[in-house]
Each structure stands twice: as C-alpha cells, then as structure tokens.
Number of protein chains: 2
Amino acid sequence: MPTMNRQWILARRPVGEIAAGDLELREAPIPEPGDGEFLARTIYLSLDPTNRIWMSDQDQYMPPVELGEVMRGGTLSVVERSRHPDFKPGDIVSGVAGWQDYALAHIAQKLPAHRSLPLPAYMSVLGMTGATAYFGLLDIGKPKAGETLVVSAAAGAVGSIVGQIGKLKGCRVVGIAGSDEKCRHVVNDFGFDACLNYKHANFAQELARACPDGIDIDFENVGGSILDDILARINLKARIVLCGLIATYNAKGPVPGPYNFAQLLMKRAHLEGFIIIDYLPRLAEFWQEMPGWVEDGHIKYDVTIRRGLEQAPEALKLLFTGGNTGKLLLQLSDEP
Amino acid sequence: MPTMNRQWILARRPVGEIAAGDLELREAPIPEPGDGEFLARTIYLSLDPTNRIWMSDQDQYMPPVELGEVMRGGTLSVVERSRHPDFKPGDIVSGVAGWQDYALAHIAQKLPAHRSLPLPAYMSVLGMTGATAYFGLLDIGKPKAGETLVVSAAAGAVGSIVGQIGKLKGCRVVGIAGSDEKCRHVVNDFGFDACLNYKHANFAQELARACPDGIDIDFENVGGSILDDILARINLKARIVLCGLIATYNAKGPVPGPYNFAQLLMKRAHLEGFIIIDYLPRLAEFWQEMPGWVEDGHIKYDVTIRRGLEQAPEALKLLFTGGNTGKLLLQLSDEP
C-alpha cells in the first residue's frame, strides 16, 4: 500500500473559468485513523456543477471551500483501515471525502452489501443526482399527466433522470441540450418526446413548436437566455424548479436575471430554489421507489467516467463545455 | 341630467411614460339601458399600476385594452336607470366600468346598503387593494410571528395594508418608500417597525441594519434594484410574493431580471406571482376578516383623491412618480 496521499488544494479563487494555478496538486502522508475513525480509499469522485460554486467566495448554500483546503467533492470509497466499530475494511461508503486519494472519516453512508447495480449507479441514478431529479420534479414540479415538462441540460446527470420520471408520470417531456447528437441520445435512449439544440439560431421557435400547449413545468438547470425562451412560453400556474444555473457559474461579474422575469407575475408562476441537502431526511422515499424503476428498465442512466485524480480540474471543465453526457465521474482507483 | 358621456379612449400604445395623445377624451351620447341592463354613473375611478400594463401589447394576465376602446378601470358607481331586476336606482355598485362618466352594465358587485365606512374604503382597504394585500401576504407569504417582512411601495395602497397585516401576525415589518416623509407616515400612521427611503445612497446598508435577522418574506411591488438589495438579504426558505413590478412598467425595452436571481436557488426561496383575480372565489374569507380589523382600528387606510375625469392620465402618473400615498382614486362625480 502506498504511503503518500495526493490532494487537490484550492490555492486561489477562480475568476471566470478555472485556470491553471487555481488548484494545486500536493502530496501529504496518508493519515492513520484515530479512535472512532476509518481510512477510506476513494474509487469514484463525483464532478458536479456545484463544485464551481464552492470555489467562489459568494453567498451560497454552504460555506465556500477555504483557500488552502482540500477541494470538496462527493465520493464513493472503500474502507481500508478502521478504528470505528461500524465500519470494517472492504465496506463501500459514500460521503464527501474531497479531491484526494485517501481520507479519514468518522461518518459515511454505507452501501448495501448486496447490490443489484454496478457501483457507478450509486454515484448517479441512485445517488444525490437521482435524488435531485426525484424530489425536485415530484415535490416542486408536481407533474400531472398531460402536462408539458421542459428540462434543460437534458443529456446531463440530473436532466436525463428528470425527463424519464416525467414520462413515468404521463407528461409530454421536451429536453434541451447543446448538440444535435445529445438531442438524439435524449430522445432515443431516454425516451423524451422531443429534444432541442439550444445552439440553433431559431431555438425559440423550435421550443414554441415543441410545446404547442405551452409549458407547465420547467426543471431549470441552466439559466441565461434559455430560461428566457422558456419563460416566454409558460402557462398559468407554471412551476419552475430552480435546480441549477450553470450558464452563470463561470461569470466574471454580475449576471442579470431573466429578462422575462415579469412572466412569473403575469402567469402567477411558482418558482422555487431546490438543493438536495434539504431532502436528506426524506431519502427513504427515494430509496423505496427509484431502485425498482432502474431495475425494471423504466429509468436508464448514463455515466461518463474519466480516470486519474490528476485529471480532476480538466474533467470538471467538461460540465461547462458540454463535453460529457450523463453523470460525470472521475475514477481514482480500482473497484475492489 | 346631462345627455353626453365623456370617455378616455386608448388611441395609441404608450412607449415608456404615457404621453399626450396616447389617450383621447371623446364625447358620446349617454346610452339607454336595454332589457337586463342598468346605467350607472361613476363616482370613483380606481387608478392602479396595472392600468399601465393594460395599455401595452405585451404578454399579461388579461387581454390588453384594444386601440379605440374605452380605457379599462375599476369603478364605484351609483345606478341611475335600470331595466335589471336586481339593480335599482341609488344602488352603489363596484365593477370595471372604465374611464368614463357613465356606463351600461348587466352585472356588478352591489355594496351592502348599511355601511359603517365611507365609500372610498370600499375602493381601497375593503376593495381589490385590500384583498390583494390580504391573500398575497397570508396565502403566499405565510407570515409567522417573529419573522421579518419587507414591503416595497410601503406607503402605497397595497403595501400599507400588507405591513399592517404583517404586524397583526407578529412580524417585524420593514417598509420601503420613496421619500423620508412617506417613511415617517408609514412608521407613525401604519405602525411599521421601520421604513427606508430607497433613494438614499446607502439604502442597501440601511436595509441590512433594519433586518438584522435577514428577510423571511418580501412582498414585492416594485422590482428593479430594490429587489436586488432585498434578495441579497433573504433567509433560507424565504417567500417572495411577486405582486407588482412598477419599476419596469414604463420601460421602453427589455428589462433584466434581478441580478441576485441566483439567491433564489442558494436560499431555496419560494417566489410566486400573485394577481388578485385568482382569489375572487375566496373573497368571502377576506370579507369575513378585514372589515372587523378596519372598524376596530387595527388596520388604517389612506386615500388620495383627485377630481375630474379629464385628469385621469395625469393622475395615473402620480403612481409612477411617487406623487400619492395610499389608494389613488379619481372622483368623477358626487356621492349620492
């Protein structure tokens, strides 16, 4: 077993896109677990748009990562050494061990020992990503059969699941993605009724045509001009699940809100910010329903896996350049 | 009795502020009621920010006024001639008779024959204005004792009532208005805990000081930079009652939404567009509660009355220049 741990440290807050030198890869000795602790080796690191938010010193839903700290990130790990009564070597745990090969912990979520799906499923459709789609759509979006649901970043980790749950609930589901190829993937593999490439010059017209009865629910992952085109088409009492605003996370200065903001008033829409951490006490509901949907094939999932901790900053950028589909994971070490 | 009726016609859609020639005052014969109709003489015409919206050919909550039509407006009238079994001369009715001296109608809301309050009360605190404050705050704002409620346009018809209901519910109530004099009025006469002049250069700092525990509810009547300063201070799970955006109604082009839009996500806020027409089926709740609050002095109201139909366009502008406090009415003829 190696003796040194590699860690990505937040050295400087990015201005706009992440630049060389914002994060620094350092080495430190692998620590020994103290009493009540265990040492886990990370297998998969979750790369998420919210990682970029955590790097900024802005008002946000948890404290930003401090300069000099290991970058924060969700992880799936295997316990290697333990002085904790509930965790033994070989246990697979999910947690927030950060951008490093090894981490000490005294608490984590243990995966069931008998698993019907491969490990990456627990970092995507059965993990926080799937739970985000599940609670965001069902609890705030409140889909009803026959309604029209629009999902931005439809080929992404959350969007692809949202649309499929929408189909299960009887909605007409229209995805939005950044390439024709992604759109074909969304329709052919995830079963959306339609998917539109927002880079088309006539996107607003295409959206109007794809939503002939207007838009009842918008599951919003992107923001920016796409959101404006959506707001222009919302129906009375529309619900906007505000889950992400990735179009703005790399902004260097203040970003205006949607120009069609007044539509929220005119259409008496309900817009609600959604972050999965508020729903952790209700995860049991998700665990009861989602695994069955995946096992019986109603919900498909897609994972893009890159390899090597040293790739973390470059891999994260894929989320902002449209370089991945489905859940983006970085594999740091082999599955046991 | 005169034979001619005066009517303000929408001749041209305003671009920006209402200009001479957008509305034209014309004369037409006073019509005779047909079978099932009655003729009413308008006593009070309600002037509201939403009148400006109705003049624009934009996406809105009801059809815009057509060019060549009598301008739409809420009214309190007295029946003069009737061929309707339920309405007799002398009845006082509220309705939407528009910007004219006389109008025919076949339906209207009859005021109770025995009234404890003067007629302008039925066009303000006991009318749509009061109902807007009541349902918007209670149904969407959901105030709880000890929470901080911020109300923009606090000296206005809706805002002044919202804040007083907030006090009844045990909130700390902070108003926002456009002059120091209005702010004194809001605190001294309506009992708000504080009121801030948004024209002060350090308004954002004053807002932060006045809301040391953050903002739980924003009853939004204004929009623009004031809303941004509010969003910067909202608490987790804040409620934004989006009731009006008067700062933008005279805009000549697209207006950006709030720059702090992402705060709605970070703080998992609930923003909902509110227009009183959705609550008309529930007016009985309001009628059951509000008159008592006014009679026992818990809710005070304020009315600015101008006189003369010919003044309508100029009087409406007062709402956009901060020239009135409380409910703005135009008196067209004498009370019976």
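**How two chains share one sheet**

Reader: In this predicted model, which strands does helix H6 of chain A lie across?

Author: Helix H6(A), residues 203–210, lies across S9 and S10 of chain A. It runs at about 170° to S10(A).

Reader: What is the order of the strands in the open sheet?

Author: The order is S10(A)-S9(A)-S8(A)-S11(A)-S12(A)-S13(A)-S13(B)-S12(B)-S11(B)-S8(B)-S9(B)-S10(B). That is twelve strands, with mixed pairing. On average, neighbouring strands are turned by 15° against each other, direction ignored.

Reader: Which strands are called edge strands, and what makes them so?

Author: They are S10(A) and S10(B), each spanning 194–197. Each pairs on one side only.

Reader: How do you know that S13(A) and S13(B) pair?

Author: Count the bridges. Pairing needs at least two bridges between the strands. Three bridges join S13(A) to S13(B), so they pair. The two strands run antiparallel. Glu272(A) stands opposite His270(B) there.

Reader: Why are the two copies said to be related as by a two-fold rotation axis?

Author: Look at the superposition. A rotation of 180° with 0.0 Å of shift along its axis puts chain A on chain B, at an RMSD of 0.0 Å. The copies are therefore related as by a two-fold rotation axis. In chain A, the C-alpha of Gly257(A) is nearest the axis, 2.0 Å from it. The same surface serves both copies, since 100% of the contact residues of chain A recur in chain B.

Reader: Why is H3(A) called roughly perpendicular to H9(A)?

Author: Angles of 65 to 115 degrees count as roughly perpendicular. H3(A), residues 128–141, and H9(A), residues 283–295, pack at an angle of about 100°. That makes them roughly perpendicular. Their axes are 10 Å apart.

Reader: Which residues of H3(A) and H9(A) meet?

Author: From H3(A) come Gly130(A), Ala131(A), Tyr134(A) and Phe135(A). From H9(A) come Leu283(A), Phe286(A) and Met290(A). By class, this contact has six nonpolar, one polar and no charged residues.

Reader: Why is S9(A) said to be largely enclosed by the rest of the structure?

Author: A residue is buried if 20 or more other C-beta atoms lie within 10 Å of its own. Six of the six residues of S9(A) are buried, so the strand is largely enclosed. Arg172(A), Val174(A) and Ile176(A) point one way. Val173(A), Gly175(A) and Ala177(A) point the other way.

Reader: In which sense do S8(A) and S9(A) pair?

Author: They pair in the parallel sense, over five bridges. Thr148(A) stands opposite Arg172(A) in S9(A).

Reader: Which residues of helix H7(A) are buried?

Author: Ile226(A), Leu227(A), Asp229(A), Ile230(A) and Leu231(A) are. The buried residues of H7(A) pack against several elements of chain A, including S8, S9, H6 and H8.

Reader: Which residues form the covered face of S5(B), and which the uncovered one?

Author: Ile92(B) and Ser94(B) form the covered face. Val93(B) and Gly95(B) form the uncovered one. S5(B) pairs with S4(B) in the antiparallel sense over four bridges, and Thr75(B) stands opposite Gly95(B). S5(B) also pairs with S7(B), in the antiparallel sense over two bridges. There, Val93(B) stands opposite Lys110(B).

Notes
Residues are numbered from 1 along each chain as its sequence is written. Chains are lettered from A and ligands numbered from 1 in the order in which they are written. This is a predicted model: local features need pLDDT of at least 70, side-chain atom pairs count only at pLDDT 80 or more; totals for chains, interfaces and linings use all residues. Copies are superposed by least squares on the C-alpha atoms of residues with pLDDT of at least 70 in both. Two residues are in contact if their C-beta atoms, placed from the backbone, lie within 7 Å. Axes are lines fitted to C-alpha atoms, for helices over the stretch in contact, and angles run from 0 to 180 degrees between N-to-C directions. Angles under 35 degrees count as roughly parallel, over 145 as roughly antiparallel, 65 to 115 as roughly perpendicular and the rest as oblique. Ala, Val, Leu, Ile, Met, Phe, Trp, Tyr, Cys and Pro count as nonpolar, Asp, Glu, Lys and Arg as charged, and the others, Gly among them, as polar. A residue is buried if 20 or more other C-beta atoms lie within 10 Å of its own, exposed if 12 or fewer, and partly exposed in between; C-beta atoms are placed from the backbone.
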